[in-house]
Structures are given as structure tokens and as C-alpha cells.
Amino acid sequence: MAIVTPEKVYRRCLNDRWAVGGFIGYNLEIMEAAVKAAVDVKAPIMVQASCRVIDYAGADVLYAMAKAYSKRYHTDLILHLDHGDTVERCIACIENGFSSVMLDCAEDPFEENLRKTREVVEYAHRHGAFVEGEVFHPVASPERFETSPEEAVEYVKRTGCDSLAVCCGNAHDIDPLYPKKLHIGQIRKIHEALPEMPLVLHATSIFPDEFIDRANAAGACREKSLNFTLADLQASFQYGVCKVNSALDVKILFTTAIREYMLRNPPQIDPRGYLGYAREEIRKYIAHKHRHVFLDDQKV
């Protein structure tokens with residue numbers, strides 16, 4: 001069992017009606033929950049780390065944890081850097097064993113994005129790693145950014161990236177009260193222009209009102225947002241969408257579970273109690289997402 005690239009699993013789900021969930025691994029408990037949940041339902045496993053997670057835990061430690069869980073649960077595992085902030089960060093993660101990286105060039109002009117991503121691609125491919133690119137342009141609307149088929153084609157051709165994150169109504173930091181809608185027609189056009197390119201969706205929270213109600217009952221004080229629908233998300237899978245990120249919901253639920261446990265057990269001082277409870281809640285939640293969201297009733 002090994003840390004592997006997403007290549008084989010993307011080829012399996014490309015043009016099919018399921019996708020891979022990319023789950024953020026904030027700590028040991030969440031990473032193990034993600035691995036165990038995927039094993040339980042026989043789903044592919046992708047654990048992701050953002051730059052802040054790496055700053056908190058260390059790329060070497062995250063790799064060691066992923067390797068250990070791959071061995072414990074007798075399964076292959078994809079370890080991915082999400083929203084890498086520099087070329088150097090991507091290279092460092094690859095050097096520490098990450099099998100997939102993404103460079104976030106959202107603030108850069110198109111040509112600079114191309115140059116930096118190409119540099120990462122060249123290094124990654126020499127070392128057997130995968131690169132997720134991202135391309136979009138700003139628009140004068142609450143949706144902030146969008147990706148056109150034309151820029152997607154040029155970007156892929158000139159960078160050589162292995163998968164592509166697109167904005168089709170799903171940009172980060174859209175006003176939570178804006179009624180978000182995935183533009184399936186736009187995703188389809190990009191897929192038709194790049195039929196062999198695995199597409200990736202970021203910022204597609206789909207948790208129901210009950211999810212926030214539970215968090216607020218434990219003291220979260222979060223406002224409900226107008227999220228995408230399950231139908232939106234699953235409609236994209238047949239048009240090349242192979243991976244969907246999952247971070248905000250994991251963060252909310254893990255904190256909610258710890259608060260619930262402490263409210264029910266105020267004298268408790270053993271971290272194994274509340275962290276173990278939170279780990280199990282995350283495991284159940286991720287298993288549910290595999291079965292009812294990402295797999296779309298398909299058997300992986």
C-alpha cells in the first residue's frame with residue numbers, strides 16, 4: 001500500500017457519474033477518519049492539506065501520518081497540497097512525499113500563472129507527482145470569477161497540468177447570502193473542449209440547514225448560507241468533474257462534535273474522549289458523503 005497520484009482514479013471516474021472527495025486533513029483524528037470512512041465504503045481516498053495545515057503540522061509529519069494510515073488500513077492513499085501559495089511550497093511538499101499539488105495563482109496575471117504552474121509541473125513530473133492547475137478571470141458579478149473554455153484550453157496546453165480547477169459559479173468567498181448556482185452548461189463546454197482533462201470544483205459547500213442548526217445548538221453562532229444543491233453537484237460529474245473539495249463542512253463538524261462532547265461531559269479533561277468522539281462523527285459524515293454525494297450510487 002502506498003501514497004499514489006490521482007491518475008488511475010481520475011481515469012475511472014472521468015465521464016462517469018461519480019467523483020472523488022478531497023477531504024482536508026487538519027490533524028491526526030480527521031485524517032484517520034477520512035481514511036477509515038473511505039475504506040468502509042470502498043471509496044478512493046484523497047487527503048488534502050492547505051498551507052496553514054502544513055504550517056501547523058509540517059509536511060513531513062503529514063506525510064508520515066498518511067503513510068502510517070495507508071499501511072494500517074491496507075489501502076492506497078492520495079496526499080494532496082491544496083492551494084499552495086508558492087512554487088517553493090509545492091516543491092517542498094513533493095520532496096516530503098506528497099503525490100499531488102496545486103499552486104494557487106489567483107492573484108497573478110494569466111501569463112504569470114502559466115509560468116509558475118509550468119515550473120511546478122516540470123518539477124512534479126520529474127518526481128512522479130501530479131499537478132492540479134487553476135484558471136479563471138474576474139467578472140463584474142457576485143460570482144467574482146469564471147472560467148471560459150478558451151482560457152482553459154490555452155492554460156492546459158501551455159502548463160501541461162494533470163487536472164484543472166475551474167470556476168463556474170463556485171468561486172471562493174462569494175457572499176454566503178448570494179443564491180449560488182453551478183453553471184453546468186459552462187462545465188460541459190469546458191469538458192467538450194478538454195474531454196480527457198479531469199476537472200476539479202472548489203468552494204461547493206452543500207451541507208443542509210440541519211448541519212448549521214447542529215453547530216449553532218453547540219454554540220457556533222453561524223449564519224446559514226445559500227449553498228449549492230446536491231443536484232447541482234452531481235449533474236457536473238458526467239461532464240469531467242472528477243474531484244470536489246471538502247473542507248468547511250469538516251471544520252465545522254469537528255468543532256461542533258468537540259463542543260457537544262464537552263457540553264455533555266463538563267468535568268472531562270482527557271483529550272482522547274472529545275477527540276475520539278469528534279473523529280467518529282467525522283468518519284460517519286465522510287462515509288455518508290461518499291455514499292450519497294460523491295459516489296452518486298455508483299460502486300467504486
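How do the residues of the lining of the second largest pocket divide into nonpolar, polar and charged? Point 5 takes this up.

1. **The model.** This is a predicted model, in which local features need pLDDT of at least 70, side-chain atom pairs count only at pLDDT 80 or more, and totals for chains, interfaces and linings use all residues. Residues are numbered from 1 along each chain as its sequence is written, and side-chain values use heavy atoms, with hydrogens and water left out.

2. **Cysteines.** The structure holds 0 disulfides (a disulfide is a pair of cysteine sulfur atoms within 2.5 Å). Cysteine 105 is in none; its nearest cysteine sulfur belongs to cysteine 90, 8.1 Å away. Cysteine 105 is buried, at 5% relative accessibility (buried means under 20% relative accessible area, exposed over 50%, partly exposed in between, with a 1.4 Å probe and protein chains only). For cysteine 168, the closest cysteine sulfur is in cysteine 167, at 7.4 Å, which is too far for a bond. Cysteine 168 is also buried, at 1%.

3. **Asparagine 113.** This residue is found in helix H6, residues 110-126 (helices, H or I, of at least four residues, and strands, E, of at least two, are DSSP runs numbered from the N terminus). Asparagine 113 is buried, at 5% relative accessibility. Its side chain makes a polar contact of 3.2 Å with that of tyrosine 155 (N or O atoms within 3.5 Å; within protein, one must be able to donate a hydrogen and the other to accept it, and residues adjacent in sequence count only if both atoms are side-chain atoms). Beyond neighbours within four places in sequence, asparagine 113 is in contact with residues including Cys105 and Glu134 (contact means heavy atoms within 4.5 Å).

4. **Largest pocket.** Its volume is about 1200 Å³ (the space filled by probe spheres set on grid points joined across faces, edges and corners). A pocket is an open set of points on a 1 Å grid over the protein atoms alone, where a 1.4 Å probe fits, with protein on both sides within 12 Å along at least five of seven lines; lining residues have an atom within 4 Å of a point. There are 48 lining residues, and His172, Asp173, Ala203, Ser205 and Leu248 lie nearest the centre.

5. **Second largest pocket.** Its volume is about 290 Å³. Val4, Val9, Arg12, Pro44 and Asp76 are the closest to its centre among 13 lining residues. The lining divides into 7 nonpolar, 2 polar and 4 charged residues (Ala, Val, Leu, Ile, Met, Phe, Trp, Tyr, Cys and Pro count as nonpolar, Asp, Glu, Lys and Arg as charged, and the others, Gly among them, as polar).
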